[in-house]
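This report describes one protein structure in plain terms. Look at the sequence and the model first, then read the sections below.

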Amino acid sequence: MPNPFFSTSLDDRLAQHAALDGPTTLLDWFRATAPEVPAYRRFLAGHGLAPESVATFEDFARLPLTNKPNYMHAHPLPERCRGGSLLDCDRVAVSSGSTGQPTFWPRSVRHEFDIALRFEQVFRDSFQAHERPTLAVVCFALGNWVGGLYTASCLWHLGQKGYPLLVATPGNKQEEIFRVVRELAPHFEQTVLLGYPPFVKDVIDAGLAEGIDWPRHRIKLVFAGEVFSEEWRSLVGQRTGSTAVCYDSASLYGTADGGVLGNETPLSIAARRFLAQHPQAARELFGESRLPTLVQYDPLSRYFELHEGTLVVSGDNGVPLFRYHIADKGGLVGHAELLAFLADHGAKLEDYGLDPARPTRALPFAYVFGRADFTVSYYGANIYPENIAVGLEQPDIQAFATGKFVLEVRETPAGDSELRVTVELLPGIAADAGKAARLAESIRAQLLRLNSEFANYIPAERQTPRVELKPFGDAGYFPAGVKHRYTRR
């Protein structure tokens with residue numbers, strides 16, 4: 001019997017999900033799954049509970065949270081799977097996490113179909129890839145690391161479903177990506193690059209330098225792994241020849257633990273672009289002076305809850321997630337609730353790139369800031385990397401800076417605190433005092449615009465950061481092949 005992913009259209013599949021009650025479906029899944037997982041039975045027993053004691057959704061919502069230390073690292077890997085065996089799964093991925101300690105995440109092909117729906121939403125609703133022959137180029141690292149092969153596998157499922165899609169897997173090797181684009185892209189109506197935002201931008205910039213005509217290939221972009229600004233999206237879109245900003249790119253919110261949990265949609269992008277231009281409304285909605293990633297999600301695939309301003313998720317996987325605390329700072333907003341908020345603030349989303357003639361999905365929203373420990377404190381103000389990034393993404397700055405930076409607070413010889421931003425220059429660009437001064441003023445202007453704590457807590461004479469310029473690929477700050485960290489303490 002074919003899996004419903006292949007036999008049911010995206011519209012019908014999401015309509016089926018909309019007709020179901022999320023809490024009831026979650027409870028049914030819990031009752032069928034939890035007793036089969038030895039580690040989870042033991043985890044609950046340690047709290048004086050048993051899966052059979054969960055009779056209502058209210059019972060479920062009172063269950064203790066699981067996380068990496070108290071659950072994933074406390075029980076052998078096979079016992080976290082159904083039946084206490086890895087043989088329920090047929091593939092495995094690895095994540096390094098923030099500590100660098102590898103964690104293994106087994107899954108079966110059947111666990112990929114819900115995740116493939118998220119890719120299908122992007123490829124169909126945004127890129128119209130069901131009717132346009134499309135080349136998809138996977139630019140995530142390959143091997144055991146979760147991003148590359150998981151992405152490729154979900155895209156293969158789309159091809160098997162009937163999408164006119166060819167998947168190329170050069171991984172994060174620029175020359176191989178260029179080889180694929182030069183040889184294959186001319187045979188397709190559009191080309192999709194999928195990868196981490198800074199790397200994809202590096203590919204685009206380096207490709208322009210090598211004579212690749214990105215606009216000719218009708219480039220679309222899929223990102224994952226980092227929050228970026230709308231200025232950054234516009235800049236990258238200009239370099240690829242984007243003509244429909246809400247439909248030419250999308251970011252996925254995913255984790256190694258749970259797969260893709262939500263995805264940007266044209267509706268969420270248009271809303272985010274409005275909020276980027278109205279910082280006070282954004283602070284009112286999100287409660288912070290930085291702009292999170294805003295995605296829509298399917299509660300029948302991944303069920304979200306909030307715990308002290310951080311996200312908790314439940315969902316099926318090789319290692320089933322039961323109230324799993326992913327610890328990403330963020331929140332949840334209902335579909336009608338967000339649209340009402342935007343209307344109350346005078347938002348006309350067609351002015352921000354949404355095509356009113358194209359339908360949208362009535363799915364709830366999640367917003368994600370990422371980990372809460374990437375800020376620095378300066379005169380009592382929380383300074384976010386997202387605020388700094390906007391200062392580097394102004395058109396005149398992008399002429400000489402890559403967009404990568406390191407934010408830190410240091411003590412001067414006089415004992416004063418100093419906000420320091422170390423910035424990577426584009427290849428072949430030399431450092432000079434004029435560039436540093438332009439960067440410092442651009443960063444200060446955006447901090448004043450976006451961050452009310454910065455504007456009100458910090459004395460005016462301390463608001464201009466000290467900017468240091470480093471050459472492209474500097475080993476101390478911007479080593480090649482390493483996931484970049486934007487803050488130091």
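## Helix α13

In helix α13, the residues P279, A281, A282, R283, L285 and F286 are buried, where buried means under 20% relative accessible area, exposed means over 50%, and partly exposed lies in between (1.4 Å probe, protein chains only). Helix α13 covers residues 279-286, and because 6 of its 8 residues are buried, it is largely enclosed by the rest of the structure. Just after α13, G287 has a positive phi of about 80°. Helices (H or I, at least four residues) and strands (E, at least two) are DSSP runs, numbered from the N terminus.

The model is predicted: local features need pLDDT of at least 70, side-chain atom pairs count only at pLDDT 80 or more, and totals for chains, interfaces and linings use all residues. Residues are numbered from 1 along each chain as its sequence is written, and side-chain values use heavy atoms, with hydrogens and water left out.

## The chain as a whole

The protein chain has 18 helices and 18 strands. Its radius of gyration is 23 Å, close to the 23 Å that the globule rule gives for 489 residues, so the chain is as compact as a globular protein of that length. The radius of gyration is taken over C-alpha atoms, and the globule rule is 2.2 Å times the number of residues to the power 0.38. Along the principal axes, the C-alpha atoms of the protein chain fill a box of roughly 65 × 55 × 45 Å.

Of the 489 residues, 56% count as buried. Contact means heavy atoms within 4.5 Å. Among contacts between residues at least 6 apart in sequence, 73% join residues at least 24 apart.

At what angle do helix α7 and helix α8 pack? Helix α7 (residues 112-126) and helix α8 (residues 146-161) pack at about 75°, and their axes are 9 Å apart. That makes α7 roughly perpendicular to α8. Axes are lines fitted to C-alpha atoms, for helices over the stretch in contact, and angles run from 0 to 180 degrees between N-to-C directions. Angles under 35 degrees count as roughly parallel, over 145 as roughly antiparallel, 65 to 115 as roughly perpendicular, and the rest as oblique.

On the α7 side, the contact is made by E112, F113, I115, A116, F119, E120 and F123. On the α8 side, it is made by Y150, T151, S153, C154, L155, H157, L158 and K161. The residues of this contact divide into 9 nonpolar, 3 polar and 3 charged. Here Ala, Val, Leu, Ile, Met, Phe, Trp, Tyr, Cys and Pro count as nonpolar, Asp, Glu, Lys and Arg as charged, and the others, Gly among them, as polar.

Q190 is found in strand β5 (residues 190-195). With 0% relative accessibility, Q190 counts as buried. Leaving aside neighbours within four places in sequence, Q190 is in contact with F127, Q128, A129, R132, P133, T134, L135, H217, R218 and K220. R132 is 58 residues from Q190 along the chain, and their C-alpha atoms are separated by 7.3 Å.

Most residues other than glycine have a negative phi, and most peptide bonds are trans. Q128 has a positive phi, near 55°, and R218 has a positive phi near 45°. Q128 lies in the loop between α7 and β3 (134-138), while R218 lies in the loop between α10 (197-209) and β6 (219-224). Q128 counts as buried at 18% relative accessibility, whereas R218 is partly exposed, with a relative accessible area of 37%.

T422 is in strand β17 (residues 417-425) and counts as buried, at 0% relative accessibility. Not counting residues up to four places away in sequence, T422 touches K404, F405, V406, E408, E468, K470, Y477 and F478.

Q296 is in strand β9 (residues 293-296) and counts as buried, at 1% relative accessibility. Among the residues that Q296 touches, beyond those up to four places away in sequence, are G262, N263, H335 and R361.

## Cysteines

How many disulfides does the structure hold? The structure holds 0 disulfides, a disulfide being a pair of cysteine sulfur atoms within 2.5 Å. C89 is in no disulfide, and the nearest cysteine sulfur, that of C81, is 4.6 Å away. C89 is buried, with a relative accessible area of 13%. C246 is also buried, with a relative accessible area of 0%.
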